[in-house]
Amino acid sequence: MSENPVKHHPRFYIEDGSAISKVDRTLYKLHASLLKSSSPILRDMFAMPTESKPVDQASLIEGASDEYPIQLQAPVTAEKFNDLLLWFYKKALEHILEMTTFFMMDDGRNWSIAEIEGCGLTAVQTLLMGQKYRISGWVATAVHRLLFTTQARLTLSDYHNLGIHNVFVLDQARTQIQDHRLAVAFNPPKVVHNYTVCDRHCGPTACAEAWKDAWWGGFARHYIQPDTHISPQEAMAKLENVLILDMTTECYLKTIEFITAKGVIAKEDAYVAATVVALT
């Protein structure tokens with residue numbers, strides 16, 4: 001048995017496709033008429049033979065079956081061909097989304113939205129299409145991704161495509177979040193003591209000092225790390241995994257409960273929500 005068997009592409013072996021091609025060890029079943037109309041090279045490549053064959057030999061026509069696919073050679077690779085098809089079908093799907101939105105065809109609109117979501121849009125593409133076609137869920141998803149993506153990961157083309165308004169709103173939100181994180185990181189919440197237990201254990205002073213050390217080592221330094229951009233919830237999870245030897249469990253739990261009730265960390269979510277509203 002082959003260690004690397006030929007397999008159907010999970011997305012681009014399309015049930016109603018008309019031509020089967022093979023790249024590396026992957027089979028594709030595609031809409032030949034669409035591909036031929038987009039490129040003279042693809043037009044020649046996907047041109048089916050015109051001579052007739054007996055019914056029992058129809059599958060011998062190149063591109064008509066898995067056994068006789070159209071072979072695509074170097075420099076085409078499966079990875080590169082996948083990217084090309086993602087772009088090609090996304091472009092067609094966007095036309096469907098545009099028309100179904102215009103004609104208020106909800107079933108078609110919902111179908112095209114679901115199909116496009118499977119195309120692996122970038123955060124910038126998701127935001128712009130969400131704004132253009134009034135898809136609030138896409139705007140929210142894109143905002144979260146963009147706010148927690150370092151500016152170095154956005155290209156000049158990204159900034160150009162986003163436009164000055166989107167860039168300004170996102171930059172303003174990013175600054176608010178950064179300022180908030182710094183303020184929280186360098187001002188650890190006071191310990192809420194359970195004095196009945198604390199006095200018997202190590203005392204309030206030692207308990208508070210242990211909390212400050214754990215706050216910085218287990219939470220703050222992760223919370224303000226510019227290269228990771230972990231969520232507040234992820235940062236709090238790191239704090240919860242820190243063993244604080246000189247702090248009682250009762251004091252720790254009461255302090256965490258206080259932080260949660262006060263929304264010390266959750267305030268960041270409000271900045272994100274406001275940004276989504278501003279960009280929707």
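Phe103 sits in the loop between helix 3 (78-102) and helix 4 (106-117). Helices are DSSP runs of H or I with at least four residues, numbered from the N terminus. This is a predicted model, where local features need pLDDT of at least 70, side-chain atom pairs count only at pLDDT 80 or more, and totals for chains, interfaces and linings use all residues. Residues are numbered from 1 along each chain as its sequence is written, and side-chain values use heavy atoms, without hydrogens and water.

Buried means under 20% relative accessible area, exposed over 50%, and partly exposed in between (1.4 Å probe, protein chains only).

| Residue | Relative accessible area | Class |
|---|---|---|
| Phe103 | 52% | exposed |
| Thr255 | 0% | buried |

Inside, the largest nonpolar core has 23 residues. Such a core is a set of buried Ala, Val, Leu, Ile, Met, Phe, Trp, Tyr and Cys residues joined through side-chain atoms within 4.5 Å. Helix 9 gives the largest share of this core, 8 residues. Trp211, Trp215, Phe219 and Met247 have the most contacts inside the core.

Met247 touches residues including Val191, Trp211 and Thr255, leaving aside those up to four places away in sequence. Contact means heavy atoms within 4.5 Å. Thr255 belongs to helix 11. A polar atom of the Thr255 side chain lies 3.0 Å from the backbone nitrogen of Val192.

Conventions: Helices (H or I, at least four residues) and strands (E, at least two) are DSSP runs, numbered from the N terminus. A polar contact is a pair of N or O atoms within 3.5 Å; within protein, one must be able to donate a hydrogen and the other to accept it, and residues adjacent in sequence count only if both atoms are side-chain atoms.
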